[in-house]
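Reader: Hello! Could we go through this structure together, one question at a time?

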Amino acid sequence: MSEPNFSASGLTEWPQLANNYWVALSRLEDPSLDGKDLHIPPGDDHRAYVVGIAALGFSRNGLDLTPKSEEWRRGYYSALMGAAQAAENLDEEIRDTTRNITFPLEHMIGPSNPRPKPVPHGAASPPLEENCVPASESPETFYTKILSTTGFNTRQRLDAALAYADWLDFKGLHETAEEMYDWGLDIAMGALPVGVNNVVDTQTGIISNNATYVSNNLLKATTALAIHHAQNNNLTAALPIFLSVLRARKQLSLAPVSEPPTAQLSNTKWILSTAKFILITPPYPSAPPSGDEVPIRSPKAVCEEAAVMAHVGEILFASANDESKPPQRARKRQGTSRKQQAGLGWTRDAVDVSESTLTSMDEADLDGRQTCAECLKTGMDNWSAMVRKMLKDQQAVGSKKEEKVSNERSWFWGGQTTEAAEEDDGKWEPELQLVDERMGRVQRLLENEAGSRKLRKPGGWLGLG
């Protein structure tokens with residue numbers, strides 16, 4: 001149920017996928033089916049949805065899942081998160097109830113949309129407003145339901161809070177999103193062991209230098225808060241959080257040395273093992289960690305450190321570009337600023353760390369390799385964008401050099417016009433060539449890593465990638 005439905009064109013069929021999740025939720029909450037022993041609040045509003053010719057309903061309020069098994073709760077959580085993701089993709093979609101067809105809102109004909117866009121050639125005729133209802137409940141319904149349900153662990157509730165906050169940011173509700181990020185931080189801190197205090201400054205989100213117990217959930221919550229600040233150009237708030245996260249990660253205990261691989265099975269043992277796998281139902285996958293534990297400094301964690309380093313590089317480089325213009329006399333000295341140099345240095349280091357870790361990581365660590373690959377791609381994209389910008393700036397300064405020299409021949413200013421700019425002359429062409437060569441090597445590495453699996457393109461959140 002967690003895998004998207006794809007049409008023949010390769011696009012996700014979000015209306016059908018949403019229906020599948022609604023069917024699953026309706027069944028899971030039905031006391032006569034899979035919802036036995038669930039406590040549903042009295043007077044709860046079961047919102048009905050029409051799927052084909054069947055009317056389905058499921059609770060809009062949080063439930064008490066204590067009587068259900070961990071495996072059941074995990075499946076129920078996956079259905080809720082899947083429904084929330086589908087709802088995000090159906091946010092501006094409407095459904096024609098007379099034909100059970102979903103359309104983008106912009107095609108609807110009615111008073112609230114006086115200038116509808118024409119539907120594509122060959123599509124069904126546009127719907128009338130009086131026949132339309134929202135294609136899905138809002139994502140808020142599913143996220144708040146998870147947060148108000150009893151029985152989910154810290155990681156599940158935190159992931160829902162951060163996903164909801166990300167959605168609010170996307171909708172432009174940045175203040176509300178920040179409140180949700182703060183709530184996520186409260187969720188992570190509330191699960192710390194008794195007696196563990198003063199780990200995070202709740203006003204700033206900065207992890208304390210003296211913190212002795214920094215859980216995986218805390219690292220996730222603080223990193224998400226820092227990214228939120230950076231995306232909203234609050235770089236002075238984001239940078240200290242990122243640096244505190246990086247410091248906390250570097251203090252983690254190293255992962256234990258893995259055991260050497262076992263000898264290859266003989267043909268007989270391989271046949272018996274395969275027959276056992278086919279004939280005997282394998283056990284349900286064990287539950288992932290709750291996130292309340294302190295992580296170890298595994299290869300994946302090292303790549304997560306590299307991702308934080310890439311974020312820091314972006315912030316330093318972008319903050320140098322956003323600084324207010326200095327006085328006229330100070331502007332006579334042009335060239336690469338210290339913040340730009342520092343941003344480039346952090347970015348180069350992030351690329352080096354993620355590439356070296358990826359090439360030496362265990363082939364079986366698929367999740368870790370994916371993390372490293374995404375970090376490596378982001379770092380390379382940022383590095384390339386930074387160097388290209390510096391080369392463009394250098395060329396712009398060079399094109400005006402002669403004009404400035406001729407116009408500023410006075411004995412007072414003449415010798416200071418392009419001193420710093422001349423320091424950069426010829427510096428960025430060789431680095432751009434190095435970056436392009438490195439990009440080709442990295443691209444081949446990522447193509448080999450991805451195989452037939454398409455990597456999600458993370459991109460830079462400050463517009464560098």
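**Salt bridges, a helix and a sheet**

Reader: Is Asp393 buried or partly exposed?
Author: Its relative accessible area is 30%. Buried means under 20%, exposed over 50% and partly exposed in between, using a 1.4 Å probe and protein chains only. Asp393 is therefore partly exposed.

Reader: What should I know about the model itself?
Author: This is a predicted model, in which local features need pLDDT of at least 70 and side-chain atom pairs count only at pLDDT 80 or more, while totals for chains, interfaces and linings use all residues. Residues are numbered from 1 along each chain as its sequence is written, and side-chain values use heavy atoms, leaving out hydrogens and water.

Reader: How far apart are the closest N and O atoms of Lys389 and Asp393?
Author: Both residues sit in helix α11, 4 residues apart, so about one helical turn separates them. (Helices are DSSP runs of H or I with at least four residues, strands are runs of E with at least two, and both are numbered from the N terminus.) Lys389 and Asp393 form a salt bridge, and their closest N and O atoms are apart by 2.8 Å.

Reader: How many residues apart in sequence are Glu106 and Lys117?
Author: Their side chains meet in a salt bridge, 3.7 Å from N to O. Both residues lie in the loop between β4 and β5, so the pair ties together parts whose separation in sequence is 11 residues.

Reader: What is the strand order of the open sheet of 3 strands?
Author: Two strands pair if DSSP finds at least two bridges between them. The pairing is antiparallel, and the edge strands, each pairing on one side only, are β4 (101-104) and β5 (132-134). The order is β4-β3-β5.

Reader: Which residue in β5 is the bridge partner of Arg95?
Author: Strand β3 (residues 93-96) runs antiparallel to β5, and 3 bridges join them. In β5, the partner of Arg95 is Val133.

Notes. A salt bridge is a side-chain nitrogen of Lys or Arg within 4 Å of a carboxyl oxygen of Asp or Glu.
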